[in-house]
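Please keep the sequence and the model in view while reading.

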Amino acid sequence: MTRPLRDAPQFYLTSPTACPYLPGREERKVFTHLVGPRAGDLNNVLSQGGFRRSQSIAYRPACEVCRACVSVRVCVDDFRYSRGFRKVLARNSDLIGEARPPQPRSEHYSLFRSYLDERHPDGGMATMSALDFAMMVEDTHVETNLIEYRRRGPDSGFTGRGQGDLFAMALTDTLNDGLSMVYSVYDPGLELRSLGTFMVLDHIARARRLGLPYVYLGYWVDGSPKMSYKARFLPQERLTPQGWERVETNAPTA
């Protein structure tokens with residue numbers, strides 16, 4: 001009778017800190033550990049409940065007065081490719097993504113460092129060392145891949161591998177019902193390629209090939225410019241107090 005209680009996850013609440021998305025607000029998070037043989041099952045259940053993974057931790061916002069962070073997942077089977085999305089795919093038709101084990105290398109950290117220094121120099125991850133980065137990638141107890149994007153080679157159609165420099169990469173979990181994009185970075189000097197958008201589109205295609213209905217994008221934050229891109233991938237489902245609700249268009253919020 002005591003074993004289920006011992007195996008049940010323990011949840012903890014952080015102290016208030018400055019919100020990284022909306023100025024003048026504070027955030028709190030509830031979190032638990034994802035370790036042991038049941039980590040994968042727990043990650044599946046918690047992801048469906050709006051949690052995100054960071055290393056061996058699953059967390060979600062638990063702010064007292066703010067509900068701006070909304071979990072978003074793209075509906076793969078009904079996804080609509082806009083003209084803009086098709087242009088992004090065309091611009092990056094010379095790239096191919098390869099799923100590899102979550103084993104960090106120096107080129108991964110170099111790309112990560114370049115991305116942060118250019119796009120998020122004042123962000124919470126700006127001071128991460130190579131060791132911190134290695135822990136972010138390899139400290140996982142669930143099914144995780146590091147998807148690398150490189151130029152197509154003459155035999156890429158057979159091997160599924162690219163060649164040359166690393167253009168972008170995404171740390172991605174495979175869930176029972178979808179792919180969860182944990183973190184992604186790209187070469188900031190290649191902005192015209194729209195590599196961030198391209199990686200999401202590639203994950204949608206990957207999920208479709210795997211027969212998975214969703215791609216989890218994390219939190220969309222209404223009013224946060226750096227999170228606004230997530231609303232463009234339609235149709236999508238957003239987690240509300242009543243459960244997951246489907247969104248077909250980006251109607252202005254009241």
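Arg151 and Asp94 are joined by a salt bridge, with their closest N and O atoms 2.6 Å apart; the term denotes a side-chain nitrogen of Lys or Arg within 4 Å of a carboxyl oxygen of Asp or Glu. Because Arg151 belongs to strand β9 (residues 144-152) and Asp94 to the loop between α3 (83-91) and β8 (95-100), the pair ties together parts that are 57 residues apart in sequence. Helices (H or I, at least four residues) and strands (E, at least two) are DSSP runs, numbered from the N terminus. The model is predicted: local features need pLDDT of at least 70 and side-chain atom pairs count only at pLDDT 80 or more, whereas totals for chains, interfaces and linings use all residues. Residues are numbered from 1 along each chain as its sequence is written, and side-chain values use heavy atoms, with hydrogens and water left out.

Arg151 is partly exposed at 40% relative accessible area, and Asp94 is likewise partly exposed at 24%. On this scale, buried means under 20% relative accessible area, exposed over 50%, and partly exposed in between (1.4 Å probe, protein chains only).

A salt bridge of 3.4 Å, N to O, also connects Arg161 with Glu98. Arg161 lies in the loop between α6 (156-159) and β10 (162-174) and Glu98 in strand β8, 63 residues apart, so that this pair links distant parts of the chain. Glu98 is buried, with a relative accessible area of 13%.

Arg150 and Glu148 form a salt bridge at 2.9 Å between the closest N and O atoms, and both residues are buried. Glu98, Arg100, Arg105, Glu107, Glu148, Arg150 and Arg161 are linked in a network of salt bridges. The structure holds 19 salt bridges.
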